[in-house]
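Please examine the sequence and the model below. The paragraphs that follow pass from the overall fold to selected local details.

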Amino acid sequence: MTSAARTLKLDGPSRLTYLRAHLTRQISRLATEFGLEGDDGVPSFSADGESAPAVRVDASGRMHYVARERGRTIFDRTTHDPQELLYWCAKGMAYHAAWSVPVAPESAQDRRALIFATQARLLHRLNPQWAIRWRSEMLAKDWMAHDLAALLPDLPPPDGGR
């Protein structure tokens, strides 16, 4: 439950309505920050979550970040922490926004480095801790061979170097 919902002592349907509205506003804010227009790359609150990530809040207040493809669940992450859900959304939206950056044909071989750098920059601008966490998660992936790890950008200090 968010601190505002806790402060207002919302319960039951009122709490769920508040939580859904809060998440909708925050996801919309992230989309604006990332320059994503319409539904392109933005998690929806649709019932099916088919082909793109969707956000759901179940009756217990548990939040789901879920994607399905051809009737199969690709992932379904759950949390009670709105900030955790927003991190998952931001990470996916930053990836989508990074793929939208135009690349000159002569730099096509550096596409992965550009995508990583753009993701890092977008996440860092919103929340430096998100960028640090994203980079750590990327380095921990089994498929992250040394050649890919070398493409991950260094991050500025959380305080922006001040």
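Of the 162 residues in the protein chain, 36% count as buried; the model from which this value is computed is a predicted one. The chain contains six helices and three strands, and their order along the sequence follows the pattern α-α-β-β-β-α-α-α-α. When contacts between residues at least 6 apart in sequence are considered, 44% of them join residues at least 24 apart.

The phi of R70 is positive, at about 50 degrees, although R70 is not a glycine. By way of background, most residues other than glycine have a negative phi. R70 counts as exposed because its relative accessibility is 76%, a value that lies over the 50% cut-off.

T79, by contrast, belongs to strand β3. With a relative accessible area of 12%, T79 is buried, since the cut-off for burial is under 20%. T79 and M63 are 16 residues apart along the chain, yet their C-alpha atoms are separated by 5.3 Å. If residues up to four places away in sequence are not counted, T79 touches R62, M63, E84, L85 and W88.

The next topic is a pair of helices. Helix α3 (residues 82–99) and helix α4 (residues 111–126) have axes that come within 8 Å and cross at roughly 135 degrees. The crossing in which α3 passes α4 is right-handed. On the α3 side, the contact is made by A90, K91, A94, Y95, A97, A98 and W99, and on the α4 side by R111, I115, T118, Q119, L122 and L123. Sorted by class, this contact of α3 with α4 comprises nine nonpolar, two polar and two charged residues.

Helix α4 may also be considered by itself. It has 16 residues and reaches 23 Å from its first C-alpha to its last, close to the 22 Å expected at 1.5 Å a residue. Which residues of α4 are buried? They are R111, I115, F116, T118, Q119, A120, L122, L123 and H124.

Note on methods
Residues are numbered from 1 along each chain as its sequence is written. This is a predicted model: local features need pLDDT of at least 70, side-chain atom pairs count only at pLDDT 80 or more; totals for chains, interfaces and linings use all residues. Side-chain values use heavy atoms; hydrogens and water are left out. Axes are lines fitted to C-alpha atoms, for helices over the stretch in contact, and angles run from 0 to 180 degrees between N-to-C directions. Helices (H or I, at least four residues) and strands (E, at least two) are DSSP runs, numbered from the N terminus. A crossing is left-handed if the near helix is turned anticlockwise from the far one by less than a right angle, and right-handed if clockwise. Contact means heavy atoms within 4.5 Å. Ala, Val, Leu, Ile, Met, Phe, Trp, Tyr, Cys and Pro count as nonpolar, Asp, Glu, Lys and Arg as charged, and the others, Gly among them, as polar. The expected span of a helix is 1.5 Å times one less than its number of residues. Buried means under 20% relative accessible area, exposed over 50%, partly exposed in between (1.4 Å probe, protein chains only).
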